[in-house]
Amino acid sequence: MARNFLHAFSGDSAKSAEHEAVSVIRSNDHARRVEILDDFEQAGISWLWATDADGHLVYLSEKAAENLNKPISDLLAVPLTSLFENDPDNPDENSDRPFKYHLSKRSKITDLVVRRVPQTLGREDRPTWWLISGHPKFNDSGEFQGYRGNAKDVTVEYQRKLEDSRAAEFDSLTGLANRHRMDSRLTAMLAAFKAANRSCAIMMLDLDRFKQVNDTMGHAAGDELLKQVAKRMVGVIGENAEIGRLGGDEFQVILPDVDDRGKLGELAEKIVKTVSQPYPIDDKRATIGTSIGIAIAPYDGVEKDELVRNSDLALYAAKNSGRGQYRFYSASLKNEEDERRLLVEDLRDALANDQVELHYQPVVRTDDHMIVGFEALMRWVHPERGGVSPDVFIPIAEELNLINQLGEWALRRACQDALNWPKSVRVAVNVSVVQFSNSGFPDIVMNALASSGLEPERLELELTESVFMGDSETIDNTFRILKELGVRLALDDFGTGYSSLSYLRSAPFDKIKVDKSFVDSCTQKDKNSAKIIAAIVSLSDALGMEATVEGVEAFDQFKLVCSKGARYIQGWIYSKALRLEEVDEKLGSGEFRIEPDGPERYRPDRRTVFRRIGAIHEDHRYEVVMRDLSKSGARFEGMLGVPLGTQLVLDLGGGQLVVCTVTRAKEAMLGVQFETPLVSDGAGGLCTRHRVSPYDLCVAGMPVSALPPGNYPVHQDASRPSSKPKFMQVAASGM
């Protein structure tokens, strides 16, 4: 009917009526659209925004302005990019392109999470996140008009996702990265660094004696200890590394672009010292330590699994060497984990078959060189391996809970052996923290004295600061009973801890033992060890205690410590540890006096070795045997007719190439001086500060079979300069 109604009009009148009707309809549609959009915005379902061609806001929903805590008048004509930024921690963001990049490229924006730039509003400015979408608008001529888009507040949902993401990647106890994050970070980093031929070091750490804290102070104390350890590690290592807790008391550190083993060793030493300081927990103090294994890509592996495995092997080596140490990975460590597993089984057999014995090192009075006592030292002579160091098997005994059995046996045997010595000679026995923490330990001491018949004052128990880690009431009670019993107490390794003076005030010690580490460096002018020795001796005199200086080996050390007031010395300058038969023979014949005997000077940096290495001269590689090694040079045999001043490259293995100059030559024995000094490997040995990358060794002609597993681009270098051999060039650049 409407059509018929329109047909009733003719000419311009009809057309005019039609246009008027369409206009009314369009006006109603526009009003309805505006009404719907108003309802849409007021409901808060989403907000609308628009910019001009320069990126300035020309429209923004009122609700959006309220969310931004600003009136619309302050927001219009403001650049949109000044209000928002990408969130670097966005777990949902699939693109690393920033918000500004999208707008500058006039590309479509779909569900991009942006973070409001913090504003100074005179009140707490809580973070806000928007989910924003938009599309560029162009006119009929193709000219850019700006953006039209919508947005909504996703702060609640986003914060929940952030928390979930953090829980998935970070340790809830310490706040450090967890194993999942560390694995993914290391994998990604190695892949990127491999393509760019960059290095990356990882440290693997676990805590020594942490189990004892849990056992003696409770799991809550253990958790608090882990938190404090994490905080200390962050303080030492800083922000240039990723630190993670892999679980339990195991930690990992990723250090990108670091291959200097001198710097890594210094950092590892600093971590060990910092972690080993006592921890205040409630009204008690806990003392632990840490061991560190270090592996470096690409020298020790170019894939994640191999690098982690090799850092683990280095960690095992550090722990087996006595703990509280660091160790770099080397190819010789590959079977050490299996060796340790066999050693654990052998130790059980050794205890059952009485293979462990006591040797005794004399303690001598410096005034007249008379023996005043012996320290009982455990020795294990394995039927196949030979002598096994106590630094290796004592920690194993502690882990296997055999230390109480082993310690009780040593105490009984030492008392029995000392019974036949002159009454003026005492015997000292080391007591572990596990033994001392046992409330029944005083009974064990009383039984050992009673069964042997040894006078209590002739027994000396040597303790370290770690005994104060346990329950203070139990410790105080044990000290009281032992002193009432009449035995003597000595504080071992004095000066290496952090609060020894408080221990001397609270515990009834009769003797202080100056640690060997001070004696090793006491003759060096740039060290304060001599002053420390003098201070400890003076302190012992003031407190009415004896002071025994350990580890004196040479006459320059002997003269110095005597000049500082040392009256008792225990060291190789007098005697190494002796078998019981040797002690009985010496004392039975009335030989209570030992004359000092040793080298004139102590040389800590010279090590006698027997090691096959390579010596490279021009384009020839010779197999030689190294006899002596120090930080500054070496002595080896196997080359004849080499003039003084000849430059060589020593191949110490594992990418360790050292440029050196011949300074001594006698027949086939050569002495060389290094162009760059070696550094400590953390285990009493020496290593090069840097190593030559396996990529460079491959280019220089090293067989691929001698390199770590990986895909190496083998280059054929036909034009080798005659002025300096290829290996020497590579070695010099690697140093």
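**Charged pairs and cores**

Reply: Arg-458 is buried, with a relative accessible area of 4% (buried is under 20%, exposed over 50%, partly exposed in between; 1.4 Å probe, protein chains only). This is a predicted model: local features need pLDDT of at least 70, side-chain atom pairs count only at pLDDT 80 or more, and totals for chains, interfaces and linings use all residues. Residues are numbered from 1 along each chain as its sequence is written, and side-chain values use heavy atoms, with hydrogens and water left out.

Me: Which residue forms a salt bridge with Arg-458?

Reply: Glu-455, with the closest N and O atoms 3.6 Å apart. A salt bridge here is a side-chain nitrogen of Lys or Arg within 4 Å of a carboxyl oxygen of Asp or Glu. Glu-455 is partly exposed, at 22% relative accessibility.

Me: How many salt bridges in the whole structure?

Reply: The search finds 36. One of them joins Arg-621 and Asp-651 at 2.8 Å, N to O. Arg-621 is partly exposed at 43%, while Asp-651 is buried at 8%.

Me: Which residues are linked in a network?

Reply: Arg-426, Glu-460, Arg-488, Lys-511 and Glu-546 are linked by salt bridges.

Me: Switching to the largest nonpolar core. Which residues touch the most other members?

Reply: Leu-459, Leu-461 and Phe-509, out of 77 residues. A nonpolar core is a set of buried Ala, Val, Leu, Ile, Met, Phe, Trp, Tyr and Cys residues joined through side-chain atoms within 4.5 Å.

Me: And a second core?

Reply: A separate one has 39 residues, including Leu-205 and Tyr-326.
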